[in-house]
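Subject: Structure handover and notes

Hello,

Here is the structure I said I would pass on.

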Amino acid sequence: LVDVEDYGKRRRSQLAERARQVARRVRRTGRPETLEPMSPYERKIVHDAASEVGGVETASEGQEPERRGIIRKLR
């Protein structure tokens, strides 16, 4: 695996930050949000980052390659 100019590191950081932002918004509004299709590796980053924000849960739905992460408020 080649990480040209730290692309992978930047992508992981961007995904994690986006997941935390969406999770905070979902917790505030109560409305679930579906993210764009991503690889299993990227969805794992989203699940891990969103779990840092209390009061939300994550799931994946759809079929590869269109499988998406979903963040929703805990009931």
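This is a predicted model: local features need pLDDT of at least 70, side-chain atom pairs count only at pLDDT 80 or more; totals for chains, interfaces and linings use all residues.

Three strands make up an open sheet, in the order β1-β3-β2, with antiparallel pairing. The edges are taken by β1 (33–37) and β2, each of which has a single partner strand, so one side of each is left without a neighbour in the sheet. On average, neighbouring strands are turned by 20° against each other, direction ignored. Between β2 and β3, which run antiparallel, there are six bridges. Within this part of the sheet, Thr 58 stands opposite Ile 71 in β3.

The helices

Helix α1 packs on the sheet and touches β1, β2 and β3. The direction of α1 makes about 160° with that of β1. Helix α2 also packs on the sheet, with contacts to β1, β2 and β3, and its direction makes about 165° with that of β2.

How do α1 and α2 lie relative to each other, in distance and angle? Their axes come within 8 Å and cross at roughly 45°. That angle makes α1 oblique to α2. The residues of α1 in this contact include Arg 11, Leu 15, Ala 16, Ala 19 and Ala 23. From α2, the contact residues include Tyr 41, Glu 42, Ile 45, Val 46 and Ala 49. The crossing of α1 past α2 is right-handed.

The salt bridges

Side chains of opposite charge can pair when their charged atoms come close. In this model the count comes to 10 salt bridges.

One of them joins Glu 42 to Arg 11, with 3.0 Å between the closest N and O atoms. Glu 42 lies in helix α2 (residues 40–51) and Arg 11 in helix α1 (residues 7–29), so this pair ties together parts that are 31 residues apart in sequence. Glu 42 has a relative accessible area of 16%, so it is buried, the cut-off being under 20%. Arg 11, with a relative accessible area of 23%, is partly exposed.

A salt bridge also forms between the side chains of Arg 25 and Glu 33, at 2.6 Å from N to O. Arg 25 is partly exposed, at 31% relative accessibility.

Because Arg 72 lies in strand β3 (residues 68–73) and Glu 57 in strand β2 (residues 56–61), the pair ties together parts that are 15 residues apart in sequence. Arg 72 counts as partly exposed at 27% relative accessibility, and Glu 57 is partly exposed as well, with a relative accessible area of 29%.

A buried arginine

Arg 43 lies in helix α2. Is Arg 43 buried or exposed? At 8% relative accessibility, Arg 43 counts as buried. Leaving aside residues up to four places away in sequence, Arg 43 touches Met 38, Ser 60, Glu 64, Arg 67, Arg 68 and Gly 69.

Regards

Note on methods: Residues are numbered from 1 along each chain as its sequence is written. Side-chain values use heavy atoms; hydrogens and water are left out. A salt bridge is a side-chain nitrogen of Lys or Arg within 4 Å of a carboxyl oxygen of Asp or Glu. Helices (H or I, at least four residues) and strands (E, at least two) are DSSP runs, numbered from the N terminus. Buried means under 20% relative accessible area, exposed over 50%, partly exposed in between (1.4 Å probe, protein chains only). Two strands pair if DSSP finds at least two bridges between them. Axes are lines fitted to C-alpha atoms, for helices over the stretch in contact, and angles run from 0 to 180 degrees between N-to-C directions. Contact means heavy atoms within 4.5 Å. Angles under 35 degrees count as roughly parallel, over 145 as roughly antiparallel, 65 to 115 as roughly perpendicular and the rest as oblique. A crossing is left-handed if the near helix is turned anticlockwise from the far one by less than a right angle, and right-handed if clockwise.
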